[in-house]
Amino acid sequence: MKNTILLSTLALGFLPWTTAAPSTSNQPLVSSLRPRAPPDAPNGYAPAHVTCPADRPSIRSGATLSEEETSWLNTRREKTTSALKEFFGHVEIDNFNAVSYLESHSGNLSNLPNIGIAISGGGMRACLVGAGVIKAFDNRTEGAAIMGQLGGLLQSASYVSALSGGSWMLASVFVNNFTTISALQEDFWDFSSLPLFNGPSTLGAAPFWGNISAQVAAKRRGRIEGYTFFNASQGGVDLNWSSIAKTQAFQDGDMPLPLVVADGQYSYWAANTSTQNEPIYEFSPWEFGTYDDFIYGFAPLEYLGTRFVNGIVPDNETCVRGYDNAGLVIGTSSDIWNEEPFPDLLSETVNGPGAYDPNPFYQYNANTSPFAQDTRLIVADGGEDSQNIPLNLLIQRKRNVDIIFDVDAGSDTATDIWPNSEPLVFTYERTLAGLANDTSFPSIPDINTFVNLGLNIRPAFFGCNSSNLTTPAPLVVYLPNQPITYMSNVSMLTSYYNTTSRDAMILNSYNIATRANNTLDSNWSTCVGCAVLSRSFDRTGTTVPEICN
């Protein structure tokens with residue numbers, strides 16, 4: 001294949017607007033990156049043929065969650081229950097004891113809140129906007145777990161999904177063994193030297209491109225992001241996404257489940273964009289696949305690159321490991337450059353979206369899948385279908401997510417960069433059209449109404465009253481990018497951020513998540529607490545506290 005996933009780094013400068021100091025407490029700041037799982041690739045960056053295990057890998061149906069996810073959720077739910085109790089120790093609901101409520105229903109964990117967090121795309125802007133929200137939701141952040149703050153939502157979440165630029169932040173946290181944003185700022189993230197295109201300043205452009213050229217020859221995929229986001233030798237050349245599942249902390253349920261989104265395309269050159277009726281793929285630490293009706297199947301991620309035929313590995317075939325390089329996963333999700341002309345930057349290196357060869361779903365569900373006879377599977381940027389927020393994964397009824405914190409970093413339209421609600425509207429329309437199999441989503445107004453009501457410039461809640469829903473759906477807390485302490489409407493093409501602007505972007509989105517430490521809305525943290533418990537109140541028949549009404 002001739003295509004190579006590369007990322008543009010146009011250096012568009014900008015100036016900070018204002019600054020604000022974060023809240024402080026006696027809680028220690030996490031100041032170093034946590035140890036990472038050992039490399040798991042059999043042959044560096046290149047995939048390698050290996051002997052198949054006795055229980056040969058196969059494609060499973062999307063009719064249920066995987067056995068791995070179901071088992072892991074049982075472990076994770078124990079941890080999220082403890083985290084929720086800690087969270088409601090510093091988030092108060094007037095005249096209601098949330099901790100006692102959680103304890104009284106802890107005998108049936110399915111009655112308790114199931115939280116998801118979705119981080120949009122939008123280049124480095126999305127990476128930094130998502131980082132600020134995650135920092136605000138992380139109880140390890142200094143000052144985030146004091147009274148009225150939202151630290152602990154991350155620890156209480158079952159899922160965190162991301163796509164495109166948001167997946168860079170997600171991967172940097174999870175591949176580095178669930179480290180903190182504070183630690184990444186202090187010890188690793190350096191976006192001040194055109195890092196995505198020229199490499200980190202510690203390496204230099206010539207060695208960087210020398211390494212890239214040598215490594216992609218083995219698999220013909222770009223791996224630029226690894227140098228910027230993975231604290232590992234040669235940018236994590238031998239780190240796989242599936243190795244997240246092999247870390248002890250993940251197996252113990254000490255972190256949420258990270259999910260990365262990519263889009264499908266029918267044709268390699270079909271306008272170079274995906275549409276709503278094409279599949280939405282997800283990468284979990286265990287699998288790659290889709291719940292959409294087209295394919296409705298999942299391949300074991302560790303053996304992606306193996307030749308499957310109608311869901312099985314033929315007897316005369318060996319297995320392949322090492323295809324799922326972590327940089328490849330986020331590079332696939334962020335391959336927006338296949339639809340843009342950048343001749344001065346990328347010359348002939350951008351030749352369309354990624355094509356996974358061999359197609360793991362070859363001859364699988366041949367009666368329904370338009371991809372069943374394709375020997376390679378076309379996989380593109382996760383936001384190319386106008387659903388630039390990875391909601392589809394979290395509205396699967398099988399996952400029973402109660403509430404989604406929806407982080408929208410912006411739109412990058414011809415006229416504006418601030419959010420305009422398009423991803424919410426398109427996700428809603430896709431569920432109405434029956435294209436998103438077995439999903440439910442609350443009603444969303446059209447884009448003009450959304451903007452005219454100002455719902456795109458402040459937090460908004462959708463689906464609060466579950467009795468108005470025809471099918472159970474999560475409550476969506478929409479957190480749009482807005483200027484609170486910084487003009488954060490930076491083009492997604494910008495990847496150059498000095499330390500001051502990087503930290504200002506992160507601080508601004510921290511303030512978006514916390515409403516500037518509740519100074520913009522004194523009831524904000526209480527409102528979030530009410531939303532977290534809303535669907536649980538429904539299931540347990542609990543009278544809603546007056547302030548939540």
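Mentor: Start with helix 5. Gly 165, Gly 166, Ser 167, Trp 168, Met 169, Leu 170, Ala 171, Ser 172, Val 173, Phe 174 and Val 175 are buried there. Keep in mind that this is a predicted model.

Trainee: What makes helix 5 largely enclosed by the rest of the structure?

Mentor: The count does. Buried means under 20% relative accessible area. Eleven of the eleven residues of helix 5 are buried, so the helix is largely enclosed. Just after helix 5, Asn 177 takes a positive phi of about 60 degrees.

Trainee: How much of the chain is buried?

Mentor: Buried residues make up 62% of the 549 residues. The chain has 16 helices and 15 strands.

Trainee: Why does Asn 518 count as buried?

Mentor: Its relative accessibility is 15%. The cut-off is under 20%. Asn 518 therefore counts as buried. This residue is found in helix 15, residues 499–518.

Trainee: Which residues does Asn 518 touch, leaving out those up to four places away in sequence?

Mentor: Gly 148, Gln 149, Trp 524 and Ser 525. A contact needs heavy atoms within 4.5 Å. Asn 518 and Gly 148 are 370 residues apart along the chain, yet their C-alpha atoms are separated by 7.4 Å.

Trainee: Is Ser 525 buried or exposed?

Mentor: Buried, because its relative accessibility is 7% and the limit is 20%. Ser 525 belongs to helix 16. With residues up to four places away left out, Ser 525 touches Val 91, Gly 148, Leu 150 and Asn 518.

Trainee: How do you know that the span of helix 16 agrees with its residue count?

Mentor: Take 1.5 Å a residue. The 17 residues should span 24 Å, and the end C-alpha atoms are 24 Å apart, so the two agree. Helix 16 also bends by about 40 degrees at Ser 534.

Trainee: What makes helix 16 mostly covered?

Mentor: Of its 17 residues, 13 are buried. Gly 541 follows the helix, with a positive phi near 65 degrees.

Trainee: Which elements give two or more residues to the lining of the largest pocket?

Mentor: Helix 1 (67–90) and helix 16 (524–540). Helix 1 gives the most, with four residues. The pocket has a volume of about 590 Å³. Its lining holds 29 residues, and Arg 399, Asn 400, Val 401, Asp 402 and Arg 539 lie nearest the centre. By class, the lining has twelve nonpolar, nine polar and eight charged residues.

Trainee: Why does Asn 400 count as exposed?

Mentor: Exposed means over 50%. Asn 400 is at 53% relative accessibility, so it counts as exposed. Its place is in the loop between strand 12 and strand 13 (403–408).

Trainee: Which peptide bond is cis?

Mentor: The one from Asp 357 to Pro 358, with omega near 10 degrees. Most peptide bonds are trans. Pro 358 lies in the loop between strand 11 (354–356) and strand 12 (377–380).

Definitions and conventions: Residues are numbered from 1 along each chain as its sequence is written. This is a predicted model: local features need pLDDT of at least 70, side-chain atom pairs count only at pLDDT 80 or more; totals for chains, interfaces and linings use all residues. Side-chain values use heavy atoms; hydrogens and water are left out. On a 1 Å grid over the protein atoms alone, a cavity is a set of points where a 1.4 Å probe fits but cannot get out, and a pocket is an open set with protein on both sides within 12 Å along at least five of seven lines; lining residues have an atom within 4 Å of a point. Grid points are joined across faces, edges and corners, and a volume is the space filled by probe spheres set on the points. Ala, Val, Leu, Ile, Met, Phe, Trp, Tyr, Cys and Pro count as nonpolar, Asp, Glu, Lys and Arg as charged, and the others, Gly among them, as polar. The expected span of a helix is 1.5 Å times one less than its number of residues. The bend at a residue is the angle between axes fitted to the seven residues ending there and the seven starting there. Buried means under 20% relative accessible area, exposed over 50%, partly exposed in between (1.4 Å probe, protein chains only).
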